[in-house]
Amino acid sequence: MEKYVCIHGHFYQPPRENPWLEDIELQDAAYPYHDWNERITEECYLQNSASRILDDKKKIIDIVNNYSKISFDFGPTLLSWLQIHAPGVYESILEADRVSCEKYGGHGAAIAQAYNHIILPLANRRDKETQVIWGIRDFEYRFGRKPEGMWLPETAVDIESLEVLAENGIIFTVLAPGQAEKIKKFDAKQWKKLNGAEIDTRRAYLCRLPSGKTINIFFYHGGVSHDIAYGGLLNKGEYFAEKLVNIFDGYNNDSAQLAHIATDGESYGHHHRHGDMALAYCLYNIETNNLAKLTVYGEYLEKFPPEYEVQICENTSWSCAHGVERWRSNCGCNAGRFPSGKQQWREPLRKAMDWLSDNLAVLYENKMREFVDDPWLIRNQYIDVVLNRTEENINNFFTEAIKKEIDEKQKTIVLKLLEMQRNAMLMYTSCGWFFDNIAGIETLQVMQYASRAIQMAKEIGGEDYQDKYKDFLKEAVTNVKIYENGKAVYEALVQPTSIDLNRVGAHLAVSSIFDKFHKESDVFCYRASIGNYERTDAGIQILATGRAAIKSKVVLEKDAVDFAVMYFGDHNLMCAVNGQMSDANFKLMRDNLKKAFRKGDTTEVMRQMNLSFGGNSYTLWHLFKDAQRRILNRLLQTTWDDIESSFRHVFEHNYTIIQVMRSMNIPLPKALGEPAEFIINMDICREIQQKETDIDKLANLVEEAERLSVKLDTETMHFEASHKIDRLMSELEDSPDDYNLLEKIENILRLLKSTVSELDLYQAQNIFFDISKGKYPDMKKRAEQSDTEAKKWVDQFEKLADYLAIKL
């Protein structure tokens, strides 16, 4: 009997982009990272691209790309984010698939995923088809080949979804063991009814569909998969390997058996710290000890085609004991924040989305038929624009998809119709219903997509669906006392995020007060240019006027606006924006504002702004979130300086008494302890941030913190110290011969490791490991030939290896 092992990772994050900006704004809950995608990339996706294998002394003996040895799927929307924001990780994923194709007989490790993770059994046939087609096309665009398999979101399945997969050339999918209802051998007449998860997961199965098509299905091993996610199996790689090998049945006469599991890929690093290393060591252990052959589903299927048929349990999933009810009703499944049975909001939210989707579909079909014969075909083709939004590609899309000439305004209408449909699918992203709270970030995200679709429907001449949509949400009971129902949540947290071109103009205008002025700039997915700009300063007060041309890079919509900004100091300002007025009126407006401003008559300035711009006013609160936070931090800098000055005064003027109290083991009162903690932490972090860190000064500060029993801000210090080492190692990567730099890194690392527990040395170790494979062998050889400088370098390099826990 041949033994094969396949580990599948389902890597996915819900789309988090602001629907109006097409990028992720600052998410405070992900601190110290900018957003959750960035944090999870650092903790998981990056780690698995270069994971460590340790010896029994916890020294690194190899660094490997886990993706090349497992089966995996990545959400298309996540890959799109990685391509822009983490290109190194993105390339390592693509490279892993290329390597695996060579390793596994032409079968790659990657399989596709339905585009934006909607629950397919709850979708209509058209949306099923678009989700699958977009998922396949996205895969082909990135991996350069056709996918053999496709992951179903939450493994939620029905026969129609399998039919759509089969129609589009998908050969296999992966389901949970409890989703098999009946099995039989090909030549048997009787079906065997299965109870729960009793299916033999060690083989592939064939599912015959009503259309006459077929699809292969692998059912992962539930027990081991559960233990990876929830049972502590990732605490030790050897144990992980042992559990996988124990899946095999030694008494079974099959020619081959497949031990395979499937979990969220985020288990390997995000949910379980160092889970990537457990995975790496598991794979290493299996290969080096010949416990089994590693494989991927496509290779195993080619070698060992199914001998059994299966019938599935329709409308089931891997994460809801009630089928697919978690995404449409108060079934009892919850994420733990609020009690089971307290998710009554799910059903009204689903009804609101279904009602909106149906109405948008009618509008879309009627309007799009003015341009094409088949509105749903062009929607399926639109993925080629989503993947490449250059104007050249958009124009090529129009040439191929629409056979008649259309003008620029008509192009914008077509693009808005297609974007309306894209957002109408994004609003069904599964995470919107998965968790416990309608005011949670995942549910707010899907409601933002709905709001964006509603806005575009109104702009292209359709009915305003917002009030009726909110009526559905009114029935959604919340778990947060501050909001009475889903309508209140929508009005408080979703509606204010809506953006039009005037607000983009306001963002530009307000930013021009605080940031360096640029005539042309990109504001997320908008291209903007400012002309006829004039700024007048009077003490802390500023008046700015100008004209801006703004163009959406998504729907190619253009607008020209005029603006005026009055800054009063601190966070107080008023901005007015409206469509472009005549040149004469613009000059008159500017002259009137300047006249009032030079008199110091701020009331008259505001009155003139209201008269000239029709009351379209904006404040600091209308800035996009990242710029808003950056500007607020700048405005608060004086306050921070004052606080630091006060705390430093208290600390330094009472330093002697603080020392005396601590030498007598007397706890410091808060009035003394907190200033001491603030100042010492501030000074340590600043010294770490210095380009040329003073080692002695840093050592004295650390010693002082210990002597005065000051609590260190470990999270911030961990972040700053890790980045410091990364910067120094990047210098070493460029100048590996630099002995002084080696010595500096070793000294700083020695001090920081004694102060900050578990430094993040990931990037530093990667760089050092590469040098150890390239530069080190040559220098070692020269040292052995009595080269004094080389010996000095080697000795220092080997010291640094110890601090970085790398075995040479």
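Biologist: Against which helices do the buried residues of α27 pack?

Modeller: Helices are DSSP runs of H or I with at least four residues, numbered from the N terminus. Buried means under 20% relative accessible area, exposed over 50%, and partly exposed in between, with a 1.4 Å probe and protein chains only. Contact means heavy atoms within 4.5 Å. Here the buried residues of α27 pack against α25 (670-689), α28 (739-755), α29 (762-784) and α30 (788-803). Among these buried residues are Met-717, Ile-725, Leu-728 and Leu-732, and also Glu-720, Lys-724 and Asp-726.

The model is predicted: local features need pLDDT of at least 70, side-chain atom pairs count only at pLDDT 80 or more, and totals for chains, interfaces and linings use all residues. Residues are numbered from 1 along each chain as its sequence is written, and side-chain values use heavy atoms, leaving out hydrogens and water.

Biologist: What span does helix α27 reach from its first C-alpha to its last?

Modeller: The expected span is 1.5 Å times one less than the number of residues. Helix α27 (residues 714-734) has 21 residues and reaches 30 Å, close to the 30 Å expected.

Biologist: Which residues have the most contacts inside the largest nonpolar core?

Modeller: In soluble globular proteins, nonpolar side chains tend to be buried together. A nonpolar core is a set of buried Ala, Val, Leu, Ile, Met, Phe, Trp, Tyr and Cys residues joined through side-chain atoms within 4.5 Å. The largest has 232 residues, and Ile-7, Leu-82, Met-447 and Tyr-469 have the most contacts inside it. Another core, of 17 residues, lies apart from it and includes Phe-218, Ala-262, Tyr-300 and Phe-304.

Biologist: Is Tyr-428 buried or exposed?

Modeller: Tyr-428 counts as buried because its relative accessibility is 8%. Tyr-428 is found in the loop between α14 (408-426) and α15 (431-434). Not counting residues up to four places away in sequence, Tyr-428 touches several residues, including His-117, Arg-350, Asp-354 and Trp-433. A polar contact is a pair of N or O atoms within 3.5 Å; within protein, one must be able to donate a hydrogen and the other to accept it, and residues adjacent in sequence count only if both atoms are side-chain atoms. The side chains of Tyr-428 and Asp-354 make such a contact, at 2.7 Å.

Technical notes: Helix = DSSP H or I, 4+ residues; strand = E, 2+ residues; numbered from the N terminus.
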